[in-house]
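Thanks for passing this one along. Here are my notes as numbered points, to be read beside the model.

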Amino acid sequence: MAQVGIGAISVLLPACIGGLSSCNKNQNNPAPTPVDFNLDVSNGPLATKGGFILNANVIVARTLTDTFIAVSSTCTHQGSTINYSSKSNVFICPNHGAIYDSNGNVMQGPAAASLTKYNTTLTGTSLHVYS
Ligand code: FES
C-alpha cells in the first residue's frame, strides 16, 4: 500500500513543482504576449462609454466612467471568449459563468486563474494597448 501512495504522489507533483503558487495560472491562462497595438476610438464600439471590442485575443472596453481597460479575452477555465458588462464593470464568461473584475481577477469560478491585464494609453483618439 505504501508503494502505491508514493507512486501516486510522484505522478501528480511534477506538473507544479518549482512554482506551486503560479502553476495553475500559467497552465490555464493562454494570454497573448507580447501585446502592442493601437485602436482608433473615435468610431465603433469604443467611441461609446460601455462599449468593447475584441482584437488579437484581447478584450478592450471603455468603462462607464470613461476609462479604457484591456485583458486577455480567453476564459482561463475552458477557453471561451469572455464578454464585458459595463453596468457591473466586469468580464463574464458566457459558457459556465465565471466573472472577472476590471483587473482580470477571478470574482466567481469555475475559473481559478486570472486574466492577463494589459496597459492602455490614450493619445487623442488613438488608444495604445500593450503588455
Ligand atoms: S469556459 Fe469560461 S467559465 Fe468555463
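1. Let me start with the open sheet: four strands build it in the order 5-6-7-8, with antiparallel pairing. Its edges are strand 5 (83-85) and strand 8 (106-108), each of which pairs on one side only. Strands here are DSSP E runs of at least two residues, helices are H or I runs of at least four, and both are numbered from the N terminus. Two strands count as paired if DSSP finds at least two bridges between them. Strand 7 (residues 99-100) and strand 8 are joined by two bridges and run antiparallel, and Ile99 has Gln108 as its bridge partner in strand 8.

2. A word on the ground rules. This is a predicted model, in which local features need pLDDT of at least 70 and side-chain atom pairs count only at pLDDT 80 or more, while totals for chains, interfaces and linings use all residues. Residues are numbered from 1 along each chain as its sequence is written, and side-chain values use heavy atoms, leaving out hydrogens and water.

3. For the overall layout, the chain has two helices and 10 strands, in the sequence pattern α-α-β-β-β-β-β-β-β-β-β-β. Of its 131 residues, 34% count as buried; buried means under 20% relative accessible area, exposed over 50%, and partly exposed in between (1.4 Å probe, protein chains only). The accessible surface comes to about 7,400 Å², and carbon and sulfur atoms hold 54% of that. These areas come from the Shrake-Rupley method with a 1.4 Å probe, and for residues only the protein chains shown count as cover.

4. The C-alpha atoms of Asp40 and Thr123 are separated by 9.9 Å, although the two residues are 83 apart along the chain. Thr123 belongs to strand 9 (residues 117-123) and is exposed, at 59% relative accessible area.

5. Which residues of the largest nonpolar core touch the most other members? Among its 14 residues, they are Phe37, Leu39, Leu46, Val58, Val60, Tyr118 and Val129. Strand 1, strand 3, strand 4 and strand 10 are the elements that give two or more residues to this core. A nonpolar core is a set of buried Ala, Val, Leu, Ile, Met, Phe, Trp, Tyr and Cys residues joined through side-chain atoms within 4.5 Å.

6. Two buried loop residues deserve a look. Thr63 sits in the loop between strand 3 (58-62) and strand 4 (68-72) and counts as buried because its relative accessibility is 3%. Its side chain makes a polar contact with that of Thr65 at 3.0 Å; such a contact is a pair of N or O atoms within 3.5 Å, where within protein one must be able to donate a hydrogen and the other to accept it, and residues adjacent in sequence count only if both atoms are side-chain atoms. Ser73, in the loop between strand 4 and strand 5, is also buried at 3%. Leaving aside neighbours within four places in sequence, Ser73 is in contact (heavy atoms within 4.5 Å) with Leu54, Asn57, Val58, Ile59, Ser80, Thr81 and Ile82.

7. Please check the backbone at these places. Cis peptide bonds join Thr33 to Pro34, with omega about -10 degrees, and Gly109 to Pro110, with omega about 20 degrees. Positive phi in a residue other than glycine turns up at Asp66, near 70 degrees, and at Asn89, near 55 degrees. Asp66 is partly exposed at 35%, and Asn89 is partly exposed at 28%.

8. Finally, the cysteines. The structure holds zero disulfides (pairs of cysteine sulfur atoms within 2.5 Å). Cys75 is buried at 3% relative accessible area, and Cys93 is buried at 4%.
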